[in-house]
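This briefing sets out selected structural features, grouped by topic. The sequence and structure are shown first, and the notes follow.

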Amino acid sequence: MVTTISRPGPAPGVFIGIDWGGREHQLCAVDASGDVVGKARVEHTVAGMAVIDDFITTTGATTPVVCAIERGEGLLVEHIQAAGVPLFCISPKISSRARERYRLANAKSDAFDAFVLADTLRHEHRHWRALSVPSDETATIAALSRDRERIVHMQRMVESRLRAVLEAYHPAPLHLFSSLDRDIALAFLRDYPTPDAARRVGPERMARFCRRHGYSGRTDPGALVQRMRPHLLNAAPGTATGKQVAALAMADQLELFNRQVRSYDTLLADAVAVHPDGPLFLSFPGIGPIIAATFIGEMGDDRARYPNAGAMLAETGLAPVTRASGRTHQVRFRYAANKRMRHAIDWWMTVAAREDDWSKAVYDTPAPTDRAATARTAGSARAGPGSCGEPGPTTSPMTPPEVTRRSPPEPHRPSTPAAHHNAGASGVPNHNRHEIGSRHSQVDSGSL
C-alpha cells in the first residue's frame, strides 16, 4: 500500500501566510511571539517562485517554518510542498472571521489577509493537520477523477440545454430512448432533425435505423414508432429552421463529452489497476474503478488523516451536526464537507445494497424505534470531534458472512429526468453507455 503516517515535527518558530492570487501572491511571516519578520509580494512566474523559496529560506534560517494558504491544490501549493515546508490549508471562512480579531472595521487588503493567515496559523497550528504530499500514482488518479467530474458537469449542462431546445420545436426524440445523451438518441436527432423528417419514419425504417447504429435496447422498432408519434408536434417553420441548427450543434457537443467521459473511464480504470491500493478498494461490495479512484484521490496516502470511521463520516458530511443551546436541541445536515467523497459513498451504498446480499440485508433491516436500542446502535452514526460527539466504532455492528458475487443485473437506466445520468460500471453517475454493476466485488465495508 502507498501508506504514510504523518508525525509531528519540531515546534515551528516562523509562520508564513500566503494570500494567493491569479497573477500575484502576498506573503507575510510572523515569529512565535506574533511580530512580523518579513513581507513580500511576488508574481506568479518562475522568478516569483524563486523569490518565495528565498523568502522561506531567509525567514526560517534558524527555526522551522510552516505556511498557511486558502487552497489545497494548484501550482503554488505543489511548489511549496516540493520544498519540504509543511503547508496548512485554511478555509476562507475561518480567515474571514479571524479578521475581526484585529480590526473593528471591515477593511481588507492582500497584505492584511496574509498577516491574518500567518497569525491564525500561529495560534491554531496545534489543532490542525498539514496537507500530506501524495505519491505520483495518487496525484495522477486525483487529477483524473476531479477532471472527469468537471466534464460530467459540462455534459449535464449541454444535455439540459439540448432538452430545452427540443422541447421548443421537436419533442419526439425526448420520448424515444431512455436518455437523451445516449448515442442512439443523438444519432436519431441527426438523421431526423425536424418533426417533418421524423414523421416519415415507420416500423421498417426504424428497424433499418436501429440496425445501422447497432441499437440493442431490446425494444421492438414498431413500439419505438408508436412511442414517438404522439409527440410529433410542429413549431412554426421559421422556429424549426432556427432551432434545428442549435440542436445539431449541441448534439455534437454532447457526443464529444460522451467520448471524453469514456476516455477518462478507461484511463482511471488503468490507473486504479496499477495503484498499490487499487485491489483493496476494488474488493469492496459495490465499488468499481471510478468510485475507487475517487476514494484513492480524495483520501490520499496519509492514513492518519482518518484515525477512525467517525473522522471520515464527519469530513464527508455523512454524520449529522448537533446544535444544542439551552432548551434548543437540533440535529442538522452537514453541508461543509468533501462533497466528492460524499457523492461517491452515496453511489457506493446504492450499488452495494442492490448487488450484495449482506449489504442488502443490512439496508432492509428496520431501524430500532425505542430509545434504548437507538442508544446501543448510535455509535455507527457518531461523528468525530467537532461534529456531534465522540468517534463511533470503526467497524460495522454486523459481520458479513462469506460473500459470493451476484450475477450482474440487467442493463438499467433511470427513467426520470431528475436521474438522467447513468450509473456507470463503477457505480457513479456518468453519461457513458456502461451500465452499473459490471465490475463489482464484495468485502466488509467496515474495513475502510
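Helices here are DSSP runs of H or I with at least four residues, while strands are E runs of at least two, both numbered from the N terminus. By that assignment, R199 is found in helix α7, which covers residues 195-199. The model is a predicted one. The points below concern its nonpolar core, its salt bridges, a charged surface patch, and several contacts between residues separated along the chain.

**Nonpolar core**

- The largest nonpolar core has 43 residues, and L162, L166, F295 and W348 are those with the most contacts inside it.
- Six helices each supply at least two residues of this core: α5 (136-169), α6 (183-191), α10 (237-274), α12 (289-299), α13 (309-315) and α14 (339-355).
- Helix α10 provides the largest share of the core, with 11 residues.
- In soluble globular proteins, nonpolar side chains tend to be buried together.

**Salt bridges**

- The search of the whole structure finds 22 salt bridges.
- The side chains of E24 and R41 form one of these, with an N to O distance of 2.9 Å. This pair links distant parts of the chain, since E24 belongs to strand β2 (residues 24-31) and R41 to strand β3 (residues 36-43), 17 residues apart.
- E24 counts as partly exposed because its relative accessibility is 33%. R41 is likewise partly exposed, at 44% relative accessibility.
- R122 and D119 meet through their side chains in a salt bridge of 2.8 Å, N to O. Because these residues are three apart in helix α4 (residues 110-124), about one helical turn separates R122 from D119.
- Both R122 and D119 are buried. For this assignment, buried means under 20% relative accessible area.
- A salt bridge also joins the side chains of E255 and R190, at 2.6 Å from N to O. E255 lies in helix α10 and R190 in helix α6, so this pair ties together parts that are 65 residues apart in sequence.
- E255 is partly exposed, with a relative accessible area of 29%. R190, at 30% relative accessibility, also counts as partly exposed.
- Salt bridges with shared partners connect E24, R41 and D110 into one network.

**Positive surface patch**

- R200, R205, R208 and R211 form a positive surface patch.
- Within this group, R208 is placed in helix α8, which covers residues 203-212.
- R208 counts as partly exposed because its relative accessibility is 42%. Patch residues must have over 30% relative accessible area and no salt bridge.

**Buried positions and their partners in space**

- I18 lies in strand β1 (residues 14-19). This residue counts as buried because its relative accessibility is 1%.
- The C-alpha atoms of I18 and C67 are separated by 7.2 Å, although the two residues are 49 apart along the chain.
- M341 is located in helix α14. With a relative accessible area of 0%, M341 is buried.
- M341 and M312 are 29 residues apart in sequence, and their C-alpha to C-alpha distance in space is 9.4 Å.

**Partly exposed positions and their partners in space**

- T63 is found in the loop between α1 (46-59) and β4 (65-69). This residue is partly exposed, with a relative accessible area of 22%.
- T63 and G13 are 50 residues apart in sequence, and 5.3 Å separates them in space, C-alpha to C-alpha.

Key: Residues numbered from 1 in each chain as written. Predicted model: local features only at pLDDT ≥ 70, side-chain atom pairs only at ≥ 80, totals over all residues. Heavy atoms only, no water. Patch = residues over 30% accessible without salt bridge, like charges linked within 9 Å, V, L, I, M, F, W, Y side chains within 5 Å. Areas by Shrake-Rupley, 256 points an atom, 1.4 Å probe, with all protein chains shown as cover. Salt bridge = Lys/Arg side-chain N within 4 Å of Asp/Glu carboxyl O. Lys, Arg positive; Asp, Glu negative; His and termini not counted. Charge placed at Lys NZ, Arg CZ, Asp CG, Glu CD. Buried < 20%, exposed > 50% of the residue type's maximum accessible area, 1.4 Å probe, protein only. Core = buried A, V, L, I, M, F, W, Y, C linked by side-chain atoms within 4.5 Å.
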